[in-house]
Every structure is written in C-alpha cells, then in structure tokens.
Amino acid sequence: MPDHQDLGHRDLQNQPDHDHGALSRGDFPPEFTWGVATSSYQIEGATSEGGRGPSIWDTFSATPGRVVDGDNGDVAVEHYRRYQQDADLMAGLGVDAYRFSVAWPRIQPTGSGPVNQAGVDFYSRLVDALLERGITPWATLYHWDLPQPLEDLGGWPSRDTAYRFAEYAAHVADALGDRVKHFITLNEPWCSAFLGYGSGRHAPGRSDGAAALAAAHHLMLGHGLAVQALRERVPDAQVGITLNLYPVTGAHDGHGVDDAVRRIDGLSNRWFLDPVLRGAYPKDVVEDVAHISDLAFVADADLETINAPLDFLGVNYYTRHVVAPGAFPGTGLVEFTDRGLPTTAMGWEVDADGLFDILTRVTRDYGDLPLVMTENGAAFDDEVGADGTVHDPRRIDFLAGHLAAAARAVRAGVPLRGYFAWSLMDNFEWAEGYAKRFGIVHVDFDTQERTVKDSGRWYAAFLAGDRTQY
Ligand SMILES: CO[C@H](O)c1c[n+]2c([nH]1)[C@H](O)[C@@H](O)[C@H](O)[C@H]2CO
C-alpha cells in the first residue's frame with residue numbers, strides 16, 4: 001500500500017522561466033523510469049483475430065464521417081503479429097519500460113463472462129518478450145476500447161459497466177499479475193466521458209451532457225473498484241490512473257477571465273483530480289454543471305471507493321488551455337484561444353513551460369503522490385527521405401524542451417518518477433486516423449516498415465547518457 005503522506009500545500013522552490021542549456025538523463029533521479037507508450041486499438045490491428053470481440057472504436061470508425069479518410073484500426077500497424085519486432089525496436093532505443101494497453105475485447109469479447117484464452121495468451125507472450133529484453137511492462141487496463149456489447153447495454157453512463165470493469169481487471173490481474181507489477185486502471189477518463197458521450201468526437205459518438213457526467217462518474221467508480229481487485233490479487237503492484245491535465249491560463253486580465261479559467265480548470269482537471277485524490281467532487285463545478293445533471297447517479301459510498309489509495313498519478317501533458325469569457329458574458333460560456341506560439345500538426349501550441357506549471361500545481365495542491373509522465377509527445381508531418389532517414393527536428397526540440405521542463409519540476413521538488421514518450425511508433429490517431437504521426441519511429445502504413453526517426457535516435461542517445469542541448 002502506498003505510504004506517502006499528503007503534505008497539503010507545498011512551497012515549491014521558484015525556478016527561472018527558461019534555463020536553456022545542456023540536459024542529460026543524469027538530471028533526473030537514478031531510479032527514474034524511461035519508456036515509450038502505445039495503446040491497443042491504435043497499434044494492434046488483427047481486430048477479428050484471436051477471439052477478439054468488437055469494441056466501440058470498431059463501430060465508431062466503421063461509421064461514415066467519424067474518422068478522417070474513413071480510417072480504422074482493422075490493420076493499424078500490425079503489432080498483434082509484429083510484437084517481437086517491436087520489442088526489438090524498444091530494446092534498441094534502450095527504454096527501461098513500455099506502457100501498453102490491454103484490449104478488454106480480447107480478454108472478454110462480450111465485456112463479461114469467461115476469458116478468451118487466446119487474448120490472454122497474446123498479452124502473456126508480449127509481457128514475456130518485454131521481460132526477456134529487460135523491459136518492464138506497464139499495463140493500462142482501459143485505453144478507450146470498450147467492448148461493444150457493454151455499450152449496447154448502456155456503456156459508461158450505466159453503473160453496471162463499472163462493475164464489469166472491475167471483473168475484467170481481476171481477470172487481467174490473474175493472467176499477468178505474476179509478471180506485471182505496474183498497472184494504470186484508466187487512460188484519460190476525461191476523453192472517454194466528455195469526447196465519447198459529450199461532444200461525440202470520440203467513440204461511441206454520443207452528444208449528451210448528462211450521459212457524459214454519468215460516464216465520468218462510472219469510469220472513476222470502475223477505477224476505484226479495479227484498484228481493489230488489483231490490490232487483492234497483486235499485493236506488490238504499483239497502481240495508478242492516468243489523467244490528461246492542462247494548465248489553464250487567461251488570455252488577458254480583463255473582466256470575467258478569472259471565472260473562465262476557474263470553469264475550465266474545474267471541468268478539465270479538478271472534476272477528476274478531486275474525486276480520485278480527495279474523495280469529493282469540486283463544489284464550484286457541481287454548481288457549474290447543475291443545469292445539466294443533479295448527479296443523482298452518485299451513491300453514498302462511491303466517492304470513498306473512487307478515492308482508493310494510489311502509488312502514482314499518471315499525467316498526460318501535451319499543451320496548455322488559454323481561455324477568455326465567451327461571446328455572451330455571464331453565461332459561463334468560455335472561448336478557447338491561443339498565444340500565437342508554434343503549433344504541432346494537431347494545432348496544439350508547443351508550451352513546455354505548461355508541463356512545469358501542471359506538475360508543480362498537482363504537487364502543490366494534491367500533495368506528495370508520486371507522478372509519472374505517462375504521455376508526452378507531438379505530431380508533425382514526417383517524411384522518409386531519399387536516403388531512408390526521417391528528419392524530425394521539431395519533435396526533438398519538443399521532447400528536449402519538455403524534458404528540460406520536467407527536470408526543472410524535479411529540481412522544484414515534484415516527486416516525478418518516470419517519463420513515457422508518446423509514441424513508440426506512428427499509429428491510428430483516433431478521429432484523425434493515420435493522418436497524424438506521433439511516433440519516434442516512422443511506420444509506412446502500406447508496407448508496415450518501421451524506420452527509427454531522428455527523434456528516436458535522439459531519445460536513444462539521451463537514454464544512453466548523452467547530453468543534449470535545448
Ligand atoms: C488531448 O490530449 C490528450 O492528453 C491526449 C493526447 N493523446 C492522448 N490523449 C491519448 O492517450 C493517445 O491515445 C493519443 O494518441 C495522444 C495523442 O493525441
């Protein structure tokens with residue numbers, strides 16, 4: 001069980017905004033974990049092989065207009081059959097760890113009932129391949145691929161899905177817990193709930209605010225129940241959850257900006273941080289959403305279950321939110337804007353200082369729980385040159401700048417324990433399909449050929465101890 005104490009507000013040492021210079025692995029604690037990350041639906045392919053059942057992303061990507069170019073994960077980057085080759089890639093990069101996700105529809109094709117042994121066997125082989133190469137497996141139990149039959153029964157807005165998730169977690173613990181000692185219950189419940197059931201931008205593509213809030217609650221309830229299941233079966237496991245967190249900054253200091261910042265910080269960050277780490281929903285945000293839902297789905301003991309003690313908090317960071325009051329002041333509407341910084345191929349501003357800001361804020365406001373950067377990376381339009389190399393200097397600059405910010409946070413007192421680059425290789429980027437490349441390894445989606453990009457070589461050199469400029 002975790003033995004860290006919540007020290008409450010901490011005076012983290014002030015640090016200079018920019019300390020450009022040289023950076024190396026030595027700027028981080030010696031036991032720091034360095035890895036790469038992926039997720040099942042984005043890389044595995046083989047969606048009809050090995051007894052796998054359909055997920056909501058199979059359904060969503062088969063629905064015309066939902067995914068750019070009508071792309072889907074049927075083939076992806078064939079990791080299901082190329083996992084040995086990909087494990088060799090990781091070993092070549094010199095990573096300590098690999099964060100992957102287990103596809104629920106491979107373990108339980110209908111989302112409940114007996115396990116599909118072929119699915120268990122795949123992840124068992126993957127884990128063994130990693131361990132044989134000295135790579136520590138970090139398993140995410142849920143990275144968005146809900147079995148479609150559970151969606152047909154109501155999906156995450158239904159409380160039963162939380163109980164099915166805990167049963168699934170128990171099956172994974174039984175199957176892999178002898179060799180996997182690092183578990184992340186959920187990847188980004190904010191995306192699963194608010195993009196899946198709120199905006200409809202992600203699977204299952206529903207647009208219902210009340211359903212989105214219920215989904216968020218039952219995802220977090222499932223998290224808490226899954227922590228119990230994991231602890232019962234794998235007493236020596238390190239267990240956490242991954243949240244996508246954003247520093248939120250006012251676009252100016254005019255009237256109403258502070259409330260806009262409070263609202264977006266509340267819905268983006270505190271709606272998940274507070275239940276998971278404090279056992280209560282933030283009261284100001286409960287009021288903000290009262291016109292959408294009275295939260296009647298919250299049962300008495302739920303928040304205690306959700307507030308299960310954790311060994312770490314996974315943080316996914318990509319960019320900052322910059323906000324201003326909406327067109328109709330006083331309505332609570334908020335406009336998202338930018339600060340004219342360089343952007344990635346996703347249109348996200350490159351803002352390494354935002355990583356320092358969010359890491360120090362979480363430690364200052366939520367105490368000394370160890371933090372792990374479970375995702376950080378950037379999409380750029382990479383091309384393979386005539387010489388077969390992939391020059392991606394902007395991704396190197398992105399990674400170096402964010403690692404420098406992470407080192408600054410460590411110096412400021414943040415208990416940061418690890419960093420996973422997103423992503424090992426180009427893959428299915430959800431509603432953007434294959435049009436957006438986040439990998440430090442390039443994939444030719446026609447031939448499946450993998451080519452380590454300059455950023456992959458840079459990361460390998462950094463992990464080998466080379467000093468880098470940023
Ligand atoms: C919107 O930013 C989120 O934190 C976020 C960014 N990303 C994610 N979450 C997901 O966890 C990954 O599966 C995506 O591939 C990755 C890149 O888009």
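User: Which residues form one aromatic cluster together with Y41 and W57?

Analyst: The cluster is made up of Y41, W57, F60, W144, F428, W430, Y434 and F445. This is a predicted model, in which local features need pLDDT of at least 70 and side-chain atom pairs count only at pLDDT 80 or more, while totals for chains, interfaces and linings use all residues. Residues are numbered from 1 along each chain as its sequence is written, and side-chain values use heavy atoms, with hydrogens and water left out.

User: What makes W57 and F60 an edge-to-face pair?

Analyst: Rings of Phe, Tyr and Trp (its six-membered ring) pair if their centres lie within 6.5 Å, and planes under 30 degrees apart count as stacked, over 60 as edge-to-face and the rest as tilted. The search of the whole structure finds 38 aromatic pairs. For W57 and F60 the centres are 4.9 Å apart and the planes are at 70 degrees, which is edge-to-face. Both residues lie in helix 2 (residues 56-61), three residues apart, about one turn of the helix, and W57 and F60 are both buried (under 20% relative accessible area, where exposed is over 50% and partly exposed in between, with a 1.4 Å probe and protein chains only).

User: Why is the pair of W190 and F194 called edge-to-face?

Analyst: The ring centres of W190 and F194 are 5.7 Å apart and their planes stand at 85 degrees, so the pair is edge-to-face. W190 and F194 are four residues apart in helix 8 (residues 189-199), and are therefore separated by about one helical turn. Both W190 and F194 are buried.

User: How do you know that R278 lies over the face of Y366?

Analyst: A charge sits over a ring if NZ of Lys or CZ of Arg is within 6 Å of the ring centre and within 35 degrees of the ring normal. R278 is placed over the face of Y366, at 4.2 Å from the ring centre, and the charged end of R106 sits over the ring of F122, 5.9 Å from its centre.

Notes: Helix = DSSP H or I, 4+ residues; strand = E, 2+ residues; numbered from the N terminus.
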